[in-house]
Amino acid sequence: MTRRILTISAAIVLAAACATKPEPIPLSADPGNLGALVGNWNGEYSSDVTGRSGSIIFKLSAGKDTAFGDVVMVPRAAAAMQSAPDRPQTNTTPPSSEVLTIRFARVEGGAVSGTLNPYTDPGCACTVQTTFVGRLTDSNTIEGTFTTTGSGLPGAQSGRWKVKRQ
């Protein structure tokens with residue numbers, strides 16, 4: 001569990017270092033729904049289909065209709081190497097983490113949905129698009145699913161995500 005916390009912490013630091021001035025995310029919501037998202041949100045996502053996981057960072061300030069957010073994607077090989085410290089060292093370099101940017105988010109009736117900017121999937125080396133949906137499960141937790149599609153993928157890939165207000 002400590003190794004997982006360190007991995008997540010490193011991913012968050014990587015996201016902060018790579019995203020020196022993130023672009024604001026346009027939000028579509030009425031003021032009441034938008035108010036439900038004000039704060040700093042941190043969490044994780046994972047996909048059993050791809051074996052990838054990572055961190056989610058999202059921030060919304062009161063009185064704003066934009067937010068800032070990133071997703072840190074950790075490829076399967078990198079995650080496996082991080083979780084096996086007693087593995088013999090080799091000269092192969094593990095795939096690096098990639099910071100993905102949330103492009104658009106919509107909030108309506110406790111539901112959250114949006115998209116990530118297109119990015120290169122490390123499994124197929126092709127451009128993919130990810131959409132996400134979720135729901136406020138309580139005043140400080142949002143849980144949902146995501147789906148990634150692209151012409152180089154054998155089919156849609158899905159997973160789960162969860163963030164908590166800090």
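# Briefing: a cavity, a core and selected residues

Gly 39 counts as buried because its relative accessibility is 19%, under the 20% cut-off. The model is predicted. One cavity of 30 Å³ or more is counted in it. The largest nonpolar core has 22 residues.

**The cavity**

- Rolling a probe the size of a water molecule over the atoms shows where empty space is left.
- The largest cavity has a volume of about 370 Å³.
- Its lining is made up of 25 residues.
- Nearest the centre of the largest cavity lie Ile 56, Val 71, Leu 116, Phe 132 and Trp 161.
- Elements that each give two or more residues to this lining include strand 2 (39-46), strand 3 (53-60), strand 4 (66-74) and strand 5 (98-108).
- Strand 6 (111-116), strand 8 (126-138), strand 9 and strand 10 (157-165) also give two or more residues each.
- Strand 10 supplies the largest share of the lining, 4 residues.
- Sorted by class, the lining has 18 nonpolar, 6 polar and 1 charged residues.

**The nonpolar core**

- Within the largest nonpolar core, the residues with the most contacts are Leu 37, Tyr 45, Val 71, Ile 142 and Trp 161.
- Two or more residues of this core come from each of strand 2, strand 3, strand 4, strand 5, strand 6, strand 8, strand 9 and strand 10.
- Ile 142 touches Leu 37, Trp 41, Val 112, Gly 134, Arg 135, Leu 136, Trp 161, Lys 162 and Val 163, leaving out residues up to four places away in sequence.

**Gly 39 in strand 2**

- Gly 39 belongs to strand 2.
- Gly 39 and Lys 59 are 20 residues apart along the chain, yet their C-alpha atoms are separated by 5.7 Å.
- Beyond its neighbours within four places in sequence, Gly 39 is in contact with Phe 58, Lys 59, Leu 60 and Arg 165.

**Thr 115 in strand 6**

- Thr 115 sits in strand 6.
- Thr 115 counts as buried because its relative accessibility is 19%, under the 20% cut-off.
- Among the contacts of Thr 115 outside four places in sequence are Ile 102, Arg 103 and Phe 104.
- Gln 129, Thr 130, Thr 131 and Phe 132 are also in contact with Thr 115.

**Thr 148 in strand 9**

- Thr 148 lies in strand 9 (residues 141-149).
- With a relative accessibility of 4%, Thr 148 counts as buried.
- Side chain to side chain, Thr 148 makes a polar contact with Thr 130 at 2.7 Å.
- Besides Thr 130, the contacts of Thr 148 beyond four places in sequence include Tyr 119, Val 128, Gln 129 and Leu 153.
- Gly 155, Ala 156 and Gln 157 are in contact with Thr 148 too.

**Lys 162 in strand 10**

- Lys 162 is found in strand 10.
- Lys 162 is partly exposed, because its relative accessible area is 37%.
- C-alpha to C-alpha, Lys 162 and Thr 145 are 8.6 Å apart in space and 17 residues apart in sequence.
- Lys 162 touches Gly 43, Glu 44, Thr 141, Ile 142 and Glu 143, residues up to four places away not being counted.

**Ala 125 in a loop**

- Ala 125 has its place in the loop between strand 7 (119-121) and strand 8.
- Ala 125 counts as exposed because its relative accessibility is 63%, over the 50% cut-off.
- Most residues other than glycine have a negative phi.
- Phi of Ala 125 has a positive value, near 55°.

Notes
Residues numbered from 1 in each chain as written. Predicted model: local features only at pLDDT ≥ 70, side-chain atom pairs only at ≥ 80, totals over all residues. Heavy atoms only, no water. Buried < 20%, exposed > 50% of the residue type's maximum accessible area, 1.4 Å probe, protein only. Polar contact = N/O pair within 3.5 Å; in protein donor to acceptor, adjacent residues only side chain to side chain. Contact = heavy atoms within 4.5 Å. 1 Å grid on protein atoms, 1.4 Å probe; cavity = no way out; pocket = protein on both sides within 12 Å on 5 of 7 lines; lining within 4 Å. Points joined across faces, edges and corners; volume = space filled by probe spheres on them. Nonpolar A, V, L, I, M, F, W, Y, C, P; charged D, E, K, R; others polar. Core = buried A, V, L, I, M, F, W, Y, C linked by side-chain atoms within 4.5 Å.
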